[in-house]
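Please have the sequence and the model at hand while reading.

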Amino acid sequence: MKARLGAVLFGIGFFAVVLAAGVAFYVAPSAARLPYDLRSCPPGVTEDCLKPSVAEAKNARFLFTEGGETPIVKIETGTLQSTTEINTLMDTTDLELESGTIDDNTVIWRANGTVKWVEQGKDINKYQARLALDRKTAGAVEWPGQELEDVAKPATPAKVSFTGQLYKFPFGTEQTTYQYFDRDLKKALPIEYKGTEDIQGLETYKFEQVIPTTPLAFSEDRIKSLLSAFATPDATSGQVTYANTRTIWVEPVSGTFVKVQEQQSKKLVPNVGQPTDLLDAVFAYTDETVANSVESAGANKSQVLLISRYLPIGAAVLGALLLIAGLWMVTTGRRAAPAKHAAGGKHEEITEPVTQVGADSESSKSTS
């Protein structure tokens, strides 16, 4: 019985070890990948969807323009709210997979961004981007359909070459320097690891990207329009410069953004006269967005760790213990059985027949 039970335990242990290997090598890699069905939460829905990221800049100075019979072009002060929404273009991804343009390690996203003047409820800027991302690293990959449309500009969606990280860091983010894409410069620049910080009980890696003052590629017509509005009459040329200090706090297991802050500056610099601030603002995630990000990142972290670490390690340890216990029970059980049979044989050899004792008694009586 003991040997049979040991054999059963040994079989269960072997199965557990095989299960651990299967989870580690086949299931875990799929858990640490961007899904194909990621979508933003519609109004009133909060489960199984990605909530918009909202950043605010209080006491910001910014350029406000409005068309109409009497166009408005002036510098305002107020609160700006930047909202970013992400959706997976599932139909586009499927079509591109079927055509072979991308492989199953790639997913196509659409990002919508809006900057609103809170006090007046008016849009300052809008953009839409279509891009392909590596499902493991979350970095942009080459794809012919990449587009970046800046609604504030009178232009059709422009082709762009997205590179580096944009809306997420890799699963298993490391303490190193990454390349992060800047939408204004339309290129990726280094973003450096600066240390570890705790945000609402969640460990995060802090990254910082410093973009020094850099001229932007504005058209000649746009420069002339800005000069006519803000520069002195003798200014004949100029440029718009841009600077930004971008800080991102990342949950390293899932690569999720927990908090983002950007200190942005744009200036009109004429060849004659003083510069004009077109944007001077510090955008930072709202408390609600940080809380949502902590919750989402914590859930993603737990899921990834469960499948990639705790489940395979637990199954492997349990399997090893069962293998050892089963092997011990089989071995000791087989040794005990022969010993028991041997002891039974000796007992039978020393037992004398009862009839012999009776015969001796009868003989004694006759002699008497």
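In this predicted model, Gln264 stands opposite Ala281 in strand 13. The pairing behind that position is antiparallel: strand 12 and strand 13 (residues 276-285) are joined by eight bridges.

**Strand pairs and hairpins**

- Strand 12 and strand 13 form a hairpin with five residues between the strands, and Gly273 in this hairpin has a positive phi near 100°.
- Strand 12 (residues 256-270) also runs antiparallel to strand 11 (residues 238-251), and 14 bridges join the two.
- In that pairing, the residue opposite Trp249 is Lys259 of strand 12.
- The hairpin of strand 11 and strand 12 has four residues between the strands, with Gly255 at a positive phi near 75°.

**The chain as a whole**

- The protein chain contains five helices and 13 strands.
- Of its 368 residues, 37% are buried.
- Among contacts with a separation of 6 or more, 61% are between residues 24 or more positions apart.
- The exposed surface comes to about 21100 Å², of which carbon and sulfur atoms supply 55%.

**Aromatic rings**

- There are ten aromatic pairs in the structure.
- One of them is the edge-to-face pair of Tyr178 and Phe207, at 5.8 Å centre to centre with 70° between the planes.
- This pair links distant parts of the chain, since Tyr178 is in strand 8 and Phe207 is in strand 10, 29 residues apart.
- Both Tyr178 and Phe207 are buried.
- The rings of Tyr180 and Phe257 form a tilted pair, because their planes are at 35° with the centres 6.4 Å apart.
- Tyr180 belongs to strand 8 and Phe257 to strand 12, so this pair ties together parts 77 residues apart in sequence.
- Tyr180 and Phe257 are buried too.
- Which residues make up the aromatic cluster that includes these rings? The members are Phe169, Tyr178, Tyr180, Tyr193, Tyr205, Phe207 and Phe257.

**Charges over rings**

- Lys168 lies over the face of Phe171, 3.7 Å from the ring centre.
- Arg183 lies over the face of Tyr127, 3.9 Å from the ring centre.

- Thr204 sits in strand 10 (residues 202-215).
- Is Thr204 buried or exposed? With a relative accessible area of 0%, Thr204 falls under the 20% cut-off and is therefore buried.
- Beyond its neighbours within four places in sequence, Thr204 is in contact with Gly195, Thr196, Glu197, Ile199, Trp249, Val250, Glu251, Pro252 and Val258.
- Trp249 in that list is the residue that stands opposite Lys259 in strand 12.

- Ala138 has a phi near 65°, which is positive although the residue is not a glycine.
- Ala138 lies in the loop between strand 4 (122-134) and strand 5 (140-141).

Technical notes
Residues are numbered from 1 along each chain as its sequence is written. This is a predicted model: local features need pLDDT of at least 70, side-chain atom pairs count only at pLDDT 80 or more; totals for chains, interfaces and linings use all residues. Side-chain values use heavy atoms; hydrogens and water are left out. Buried means under 20% relative accessible area, exposed over 50%, partly exposed in between (1.4 Å probe, protein chains only). Contact means heavy atoms within 4.5 Å. Accessible areas come from the Shrake-Rupley method with a 1.4 Å probe; for residues, only the protein chains shown count as cover. Two strands pair if DSSP finds at least two bridges between them. Rings of Phe, Tyr and Trp (its six-membered ring) pair if their centres lie within 6.5 Å; planes under 30 degrees apart count as stacked, over 60 as edge-to-face and the rest as tilted. A charge sits over a ring if NZ of Lys or CZ of Arg is within 6 Å of the ring centre and within 35 degrees of the ring normal.
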